[in-house]
Amino acid sequence: MPTLSAPTPTATTDALDTTVAALAPDFALRLVAWQRQHGRHALPWQQTRDPYRVWLSEIMLQQTQVTTVLGYYQRFLARFPTVRTLADAHLDEVLAMWQGLGYYSRARNLHRCAQAVRDQHGGEFPRTAAQLAELSGIGRSTAAAIASFCFDERVAILDGNVKRVLGRLLAFDGDLASSAQEKRLWRHAETLLPAAGADMPSYTQGLMDLGASLCATRSPQCLLCPVQGLCEAQRRGVAEQFPIKTRKLKRSRREQWWLWLEHEGRIWLEQRPATGVWAGLWSLPLFDDEAQLLAQAQALAATAPEPLPRVDHALTHFDWVLHPRRLVLERRAEPGPGAWVARDDLARYALPAPLKKLLG
Ligand code: SF4
């Protein structure tokens, strides 16, 4: 006779489902009311439902503080008031305007995305998160933010701050280093959405605001939180233990030499390849060891280059140690593809932040 056993949870169900469904209406109600009364309203990208402006702010805000983004956002819009003007601009100009925001792949994707909107969507951003997520540089969470802010779509965001809020709210026990567990949390995030599309902008902004303010990584201010009483991690007194994410990024170290060539106030710059670190930016020639640099310097001048203090630069995956060597040339020479750039013209070139600092 066959024996009956309890169904095992599948990828689309788990023990939290009932809890999340019961929590959803109250959670959304409280969050929306709190955002309307206490959340952020005055940021320039909150004064519009134009997907171009919202998209621009969302991309800039990835990995960059609001206070830094404000000035860039205004300057970008002054120069590129529409998605078409951005699409029609030369990539070098976009990269130059992005200088100082870091993570330049965002600027390249921004330009590519604007061109796709111009060429494939008649200059209008698509109106659903699913279509938005097909564009360059727009991930699932960013697509959802744009669609909920601009088109009231009922779709969930799940960036780092939101993972923290929801991870704590549900005392979510899955390790978010695992993509299966992340998917589980996405599913719960979808269940928590408010019933009315009209509430989506306040709800989405509320999650962002809560994660950026009260529900901080360290010492969350649970007593002021609109969802205290619903929050399981707070109830257990273990908020800081969530979300769970075990994987640690492995960092490596890279050491290279920078040849700073100067002639009559001009500096020699080379454009970096289209892929890899600092792709498309302008840099001093880089060498993997000092001997290579000295050989190049010797071919250009009789004097040896002057060693300057090393520059330490931390990137996402590695620590970069750069050793600048400065050589003033008496006679102009062109060591390869590149350009002699007058100091006054440096601002027109997209330079990596540490080089900008070095050249003063
Ligand atoms: Fe975060 Fe505390 Fe609010 Fe829970 S009660 S969501 S831990 S601030």
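**Close-up views of a predicted model**

**View 1. The shell around the ligand.** The shell residues comprise 6 nonpolar, 2 polar and 1 charged (nonpolar: Ala, Val, Leu, Ile, Met, Phe, Trp, Tyr, Cys, Pro; charged: Asp, Glu, Lys, Arg; polar: the others, including Gly). This is a predicted model, with local features needing pLDDT of at least 70, side-chain atom pairs pLDDT 80 or more, and totals for chains, interfaces and linings using all residues. Residues are numbered from 1 along each chain as its sequence is written, and side-chain values use heavy atoms, without hydrogens and water. Around the ligand lie Arg-168, Cys-215, Cys-222, Cys-225, Val-227, Gln-228, Cys-231, Gln-234 and Ala-239 (a heavy atom within 4 Å).

View 2. The ligand sits in the largest cavity (1 Å grid points over the protein atoms alone where a 1.4 Å probe fits but cannot get out; more than half of the ligand's atoms lie within 2 Å of them).

**View 3. The largest nonpolar core.** This core has 106 residues (buried Ala, Val, Leu, Ile, Met, Phe, Trp, Tyr and Cys, joined through side-chain atoms within 4.5 Å; buried is under 20% relative accessible area, 1.4 Å probe, protein chains only). Phe-27, Trp-55, Leu-166, Leu-169, Tyr-203 and Leu-269 touch the most other members. Domain 1 (17-241) and domain 2 (252-359) each supply at least three residues (bounds from an automatic or database assignment). A separate core of 12 residues includes Leu-259 and Phe-287.

**View 4. Leu-169.** Beyond four places in sequence, Leu-169 contacts Leu-23, Phe-27, Leu-192, Val-227, Leu-230, Cys-231, Glu-232 and Ala-233 (heavy atoms within 4.5 Å).

Technical notes
On a 1 Å grid over the protein atoms alone, a cavity is a set of points where a 1.4 Å probe fits but cannot get out, and a pocket is an open set with protein on both sides within 12 Å along at least five of seven lines; lining residues have an atom within 4 Å of a point. Buried means under 20% relative accessible area, exposed over 50%, partly exposed in between (1.4 Å probe, protein chains only).
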